[in-house]
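Subject: Structure handover and what turned up in it

Hello,

Here is the structure for your files. Please open it next to this message; the findings follow below.

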Amino acid sequence: MDSLFSLEYLIQQLNTKPIAGNTRSSIEKFLEILDKPKINLNELKKLSNQGVPDDIKGLRSLVWKLLLGYLPTDRTKWNSTIKTNIEIYEQFCNDLIKSKLQKQMTESNEYEDQEIQQSKKQDHPLSKSLQSIWKSFFDDQVIWEEVEKDTVRTRAELSFFVSPTQIPNKYPVYFRTQCRRERRLAKDYEHRHYDVLTRILFIYAKLNPAIRYVQGMNELLAPLYYVFYSDTNELFLQSVESDAFFCFTILMSDAKDSFLRALDDSQDGIKSKMNNLNTLLRIHEIEIWDNLQKQGIHPQFYSLRWIMLYLTQEFELHSVFILWDSLLSHSNKNEYLLFLCLSIIKELKPSLLQDDFTDIMEGLQQVGKIQVEKILQIASQIYQHN
């Protein structure tokens, strides 16, 4: 039987930091739930829906992993789960980043017949054969470059993602050194946070060829990675990248339909979600809905990015954390997300009824000044009575 995962690193912070009364009480409630051998997930969801305090480093990281179902509710299994997934992710990296070209051109197999050995010798960079190792290499390089083009710009208002990571890198970096030659040649090259995002998203793309990588996925990964990297637990610091990969994969099981063009017109696609938001608006705020119709402002003009990227681009990162504390505590995230979007629109009601087309559009595209606590309050009220 595995040993019980220790919460001492959280308890010690609570006992040594000056924390205000209400916040301290909230943290104590979280620790009371987390300190049980078997976590009551329903209790954790109710508490998380009200927000996870920032004062204790690692608390939000642990809570999110539980809300996403990455960590089991049985606390005795946390250590083994983390260690197993580190090994699985490392195997993914070795299999998918140390490319076929790198491995098969250097490895010989005494059991290969002469035809296969001759085929290897004849394979070359200009080969158009679908079986060509070179073609596979170049296809992978295209994916890597597509991903890296976005990851270098992730949350550009922050220096975090372009800064060097303090966690030693133990995973293959073959494609990065090929695709960013200028950095490979630099003597002072340092492994940066967006390198980690790139690797995670590349592995995801390779394991999910039906969706691959779509622009914007980096923005869904960023909050997870940032929160996990900010943890202080020794075991979790060893597993930041693998934890982020698996939690992102779980999150994408809910979000991926919005990224698949083939599903755009289906009931699970992005068009259907925008129409559902429009229906909610008509039900709860007919006056706003009617005015937007008259102004010719369609849902896709403002809600496409909100829904696809789970509001990550509308608010500063810390506000996204607060929104996600609530969002991740709901089993049906896509449904609850629409109520968050509806709450944003309700908060903008005066301007949406009085302004002209240009000002309305500007307001809908710049909602970051709205207090997220107010959004959550409104969303909770509507959602409970829906």
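Two residues are in contact here when they have heavy atoms within 4.5 Å of each other. Please keep in mind that this is a predicted model.

**Overall picture**

Take contacts between residues at least 6 apart in sequence: 75% of them join residues at least 24 apart. The protein has 22 helices and zero strands. It has 386 residues, and 49% of them count as buried.

**Helices H15 and H16**

H15 covers residues 270-284, and H16 covers residues 286-295. Their axes are 5 Å apart, and the helices pack at an angle of about 125 degrees. That angle makes H15 oblique to H16.

Which residues make the contact? From H15 they are Asn-278, Leu-281, Arg-282 and His-284. From H16 they are Ile-286, Ile-288, Trp-289, Leu-292 and Gln-293. Sorted by class, the contact has five nonpolar residues, three polar ones and one charged one.

H15 itself has 15 residues. From first C-alpha to last, H15 reaches 21 Å, close to the 21 Å expected at 1.5 Å a residue. Its buried residues are Ile-270, Ser-272, Lys-273, Met-274, Leu-277, Asn-278, Leu-280 and Leu-281. The buried residues of H15 pack against H14, H16, H17 (303-308) and H19.

**Helix H11**

H11 runs over residues 193-207. Its 15 residues should span 21 Å at 1.5 Å a residue. The end C-alpha atoms are 22 Å apart, which agrees. How much of H11 is buried? The count is 13 of the 15 residues, so H11 is largely enclosed by the rest of the structure.

**Salt bridges**

Side chains of opposite charge can pair when their charged atoms come close. With a cut-off of 4 Å between a side-chain nitrogen of Lys or Arg and a carboxyl oxygen of Asp or Glu, the count comes to 16 salt bridges. Three of them are described here.

- Asp-54 and Arg-60: the side chains meet at 2.5 Å, N to O. Asp-54 is partly exposed at 39% relative accessibility. Arg-60 is buried, with a relative accessible area of 7%.
- Lys-333 and Asp-254: the side chains meet at 3.6 Å, N to O. This pair links distant parts of the chain, 79 residues apart. Lys-333 is in H19, and Asp-254 is in H14 (residues 240-255). Asp-254 is partly exposed, with a relative accessible area of 22%.
- Glu-285 and Lys-349: the closest N and O atoms are 3.1 Å apart. Glu-285 lies in the loop between H15 and H16, and Lys-349 lies in H20 (residues 349-354), so the pair ties together parts that are 64 residues apart in sequence. Glu-285 is buried, with a relative accessible area of 9%. Lys-349 is partly exposed at 26% relative accessibility.

Glu-285 and Lys-349 also belong to a network of salt bridges that includes Glu-287 and Lys-346.

**Lys-333 in more detail**

Lys-333 sits in H19, which covers residues 333-347. Buried or exposed? Lys-333 has 7% relative accessibility and counts as buried, because the cut-off for buried is under 20%. Leaving out residues up to four places away in sequence, Lys-333 touches Leu-68, Leu-251, Asp-254, Tyr-310, Leu-327 and Leu-328. Asp-254 in that list is its salt-bridge partner.

**Phe-5**

Where is Phe-5? This residue lies in the segment before H1 (8-16). Phe-5 is buried, with a relative accessible area of 3%. Phe-5 and Thr-76 are 71 residues apart in sequence, yet their C-alpha atoms are 6.1 Å apart in space. Phe-5 touches Arg-75, Trp-78, Asn-79, Asn-233, Leu-235 and Phe-236, not counting residues up to four places away in sequence.

Best regards

Technical notes: Residues are numbered from 1 along each chain as its sequence is written. This is a predicted model: local features need pLDDT of at least 70, side-chain atom pairs count only at pLDDT 80 or more; totals for chains, interfaces and linings use all residues. Side-chain values use heavy atoms; hydrogens and water are left out. Axes are lines fitted to C-alpha atoms, for helices over the stretch in contact, and angles run from 0 to 180 degrees between N-to-C directions. Helices (H or I, at least four residues) and strands (E, at least two) are DSSP runs, numbered from the N terminus. Angles under 35 degrees count as roughly parallel, over 145 as roughly antiparallel, 65 to 115 as roughly perpendicular and the rest as oblique. Ala, Val, Leu, Ile, Met, Phe, Trp, Tyr, Cys and Pro count as nonpolar, Asp, Glu, Lys and Arg as charged, and the others, Gly among them, as polar. The expected span of a helix is 1.5 Å times one less than its number of residues. Buried means under 20% relative accessible area, exposed over 50%, partly exposed in between (1.4 Å probe, protein chains only).
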